[in-house]
Amino acid sequence: MANLSAQKGKINAKSVKQFASNNAIIILIALLALFVGLTTQNFFTGSNGKNLLINVAPRFIIACGVSGCLITKGTDLSAGRMVGLSACLSAMLLQDVTYTARMLPWLPDMPVAVALIIVLLIVAFFGAINGCVIAFLKVPPFIATLGMQTIVYGLCSVITNNQPLGGFKQSYSQIAFGSLGPIPYLPIIALLVGIYMWVLFNKTRHGKYMYAIGGNENAAEVAGVNVSAALIRIYILAAVLYGLGGFLLGAKAGGASTATGFGYELEAIAACTIGGVSTNGGVGRVSGVLIGVLVFETLKICLQFMGVDPAITYIVQGFVIILAVALDLRKYLGKK
């Protein structure tokens, strides 16, 4: 028995190769970060680390929403547009009453918490539509959320008249720039969301249903899982997280427009896949999502320090997204 345990725990060439294959992108970007840190100034500094955490916070919240969709063998291409809509709605509701270019000059001064609740309710409605279309009409998630992406973008363009929004009240901006001691508010909010999502995924019936649907939807239904209700809840929760992410992004950027959140759904899918959330369903952890977001943001910061043209940065990110999904598919096929 002791010899068997020793053999299982022994590190061999096969286990090393498997680890390297499963974590290839993480290893490569970690090596890139080490190289950039050794060849450039101010990379391994407290200010850069703080900047990384602030950038990661809203993207982690958004990726948590996408992860639930991926675990059930779905996706959500409307995530970025919902983030943009949330940021614009937050901006419209929380512009300072003394700001001369207010979008809604008739609106009285509104508490930040009330504005947040309104924004979350609005995007939750769109998430419920996504869930109902997927659950009842059996439209593939890719198509359903692609259509919602276009609808939400169009609505955002209409309500903002394609005008950029700014002039936020101080209490809203303080969410992004305030801190609790040395720790900014944004990472604290992201941590609380991460804890909630971990409990939801691992300690509740909702989480069990989610993984069961991703593993085998028909078997889950036979076992008594209300698949339709579970899918609707998953897409509503995802939309609420996009709403919170957009709310925080608006405060962080100090402004919002129809371009806010552009491409965030692809970043979120890539971060989830890098962190071990399988696009083939049934597999994924909140801790992995966090690692994936950290890795993806680290890549962008490395490219900035290397002076890479922003246009080339998008090309690199596109290659990483393709590679992440390809490696995930390779792992899935290897298990069959």
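**Notebook: first look at a predicted model**

I began with burial: 48% of the 336 residues in the protein are buried, meaning under 20% relative accessible area, with exposed over 50% and partly exposed in between (1.4 Å probe, protein chains only). The model is predicted, so local features need pLDDT of at least 70 and side-chain atom pairs count only at pLDDT 80 or more, while totals for chains, interfaces and linings use all residues. I number residues from 1 along each chain as its sequence is written, and side-chain values use heavy atoms, without hydrogens and water.

**Overall form**

I looked up the secondary structure next. The protein has 15 helices and two strands; these are DSSP runs, numbered from the N terminus, with helices (H or I) of at least four residues and strands (E) of at least two. The radius of gyration is 21 Å, close to the 20 Å of the globule rule for 336 residues, so the protein is as compact as a globular protein of that length. That radius is taken over C-alpha atoms, and the rule is 2.2 Å times the number of residues to the power 0.38. I noted a box of roughly 75 × 55 × 35 Å for the C-alpha atoms, along the principal axes.

Then I checked contacts, which means heavy atoms within 4.5 Å. Of those between residues at least 6 apart in sequence, 79% join residues at least 24 apart.

**Annotated stretches**

I turned to the UniProt record. Its unreviewed entry gives "transmembrane region" for several stretches, among them 52-71 and 180-201. Such annotations may be inferred rather than shown by experiment; feature names are shortened, and positions follow the numbering used here. In the model, residues 52-71 are 100% helix and 0% strand, with end C-alpha atoms 27 Å apart. Residues 180-201 come to 77% helix and 14% strand, and their end C-alpha atoms are 28 Å apart.

**Two residues**

Is Thr313 buried or exposed? I find it buried, with a relative accessible area of 13%. Thr313 sits in helix α15 (residues 310-335). Setting aside residues up to four places away in sequence, Thr313 touches Leu303 and Val308.

Where does Val283 lie? Val283 is in the loop between α13 (264-274) and α14 (286-305). It is partly exposed, at 38% relative accessible area. Beyond its neighbours within four places in sequence, Val283 contacts Ile71, Tyr211, Gly276, Val277 and Ser278. I also checked Gly68: its C-alpha atom is 9.9 Å from that of Val283, though the two are 215 residues apart along the chain.
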